[in-house]
Structure formats: C-alpha cells, structure tokens
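Hi,

Here is the structure I promised to pass on.

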Amino acid sequence: KMQRIPVNSSLVVVDEDDEDLGEGEAGGEEDEEEIEGFARHLGMDLNEDQDLLWICRLALKAPIPEGWTSHDDGEGNTYFYHEAKGLSSWEHPSDKYFRRLFQRVKRYRHQLA
C-alpha cells in the first residue's frame, strides 16, 4: 500500500509493504530498545503510534546530511558539526525532519479517521 504524505514543501511516498521498514539490516533485527527510545525522542506514544515505528527505522538508517560530520566527545557521546555553518548539535541533523514527518503523518492519519 503506497501513501503520499506532504511534509513541508516535499512529498514523501511510503510503501508500507516494504520489508526494509519492518526489519533491520540483512540477517538481523534492529534493536527494539533503540527503536522505542528513538520513538520517544520523536514524541511518539508507544501505545498509540506502533504503526508509525517505520519512521524511526528510516531515521535510524538515515545518513548524515552533506556538510555535517559526526564526532565523539571522548565520553562516548556523539555530536554533529557543520564546519561551513559553524554549527554543532547533539541531535542528528535529520532528526528535525523525521520529527516533522511523524507529526504530519499522525495529523494526516487523524484526518482520514
């Protein structure tokens, strides 16, 4: 089942039957604890939004956007840096996009109900 979901000025097309959204990398499943933790990070309700965990799976596989680099702070924490803009962030640069995607999909789902 394909869905077209508007996010800002972009259109996201999601194939809900895509097996890559339901499982981790070939040969193993993603860590459910990591997925659930990321779901909470995006503002999901784990009881109400189970059907939207595919957004977390996509986000956890998302590459670092062009211009950004990841670094370790020496204590095991990762931060991200964009040299040209002089920006640093503890949050993955794509998290904001996936948070908005979740919010938009949830609103869209409620409109259809």
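Before the notes, one term: by contact I mean heavy atoms within 4.5 Å. The model is predicted, so local features need pLDDT of at least 70 and side-chain atom pairs count only at pLDDT 80 or more, while totals for chains, interfaces and linings use all residues. Residues are numbered from 1 along each chain as its sequence is written, and side-chain values use heavy atoms, with hydrogens and water left out.

Let me start with K106, which sits in helix α3.

Now α3 as a whole. The helix has 18 residues and reaches 26 Å from its first C-alpha to its last, close to the 26 Å expected (1.5 Å times one less than the number of residues). Which residues of α3 are buried? They are D95, F98, L101, F102, V105 and K106. These cover an arc of only 130° around the axis, which puts them on the same side of α3; the arc is taken from the directions from the helix axis to the C-beta atoms. On the other side, K96 and Q111 are exposed.

F98 also turns up in the largest nonpolar core, which has 16 residues: along with L42, M44, L52, I55 and C56, F98 touches the most other members. (A nonpolar core is a set of buried Ala, Val, Leu, Ile, Met, Phe, Trp, Tyr and Cys residues joined through side-chain atoms within 4.5 Å.) The elements giving two or more residues to this core are α1 (32-42), α2 (53-61) and α3, and α2 gives the most, with five. Sequence neighbours within four places aside, L42 is in contact with I55, C56, D95, F98, R99 and F102.

Then the strands. β3 (68-72) and β4 (78-82) pair in the antiparallel sense over five bridges (strands pair if DSSP finds at least two bridges between them). They form a hairpin with five residues between them, and G74 in the turn has a positive phi of about 95°. β4 is also joined to β5 by three bridges, again antiparallel, with F80 partnered by S89 in β5. That hairpin has four residues between its strands, and G86 in the turn has a positive phi of about 65°.

Last, E91, in the loop between β5 (87-89) and α3 (95-112). E91 is partly exposed, at 27% relative accessible area, and its side chain makes a polar contact with that of H41 (3.3 Å). Apart from neighbours within four places in sequence, E91 is in contact with H41, F80, K96 and R99.

Cheers

Conventions
Buried means under 20% relative accessible area, exposed over 50%, partly exposed in between (1.4 Å probe, protein chains only). A polar contact is a pair of N or O atoms within 3.5 Å; within protein, one must be able to donate a hydrogen and the other to accept it, and residues adjacent in sequence count only if both atoms are side-chain atoms.
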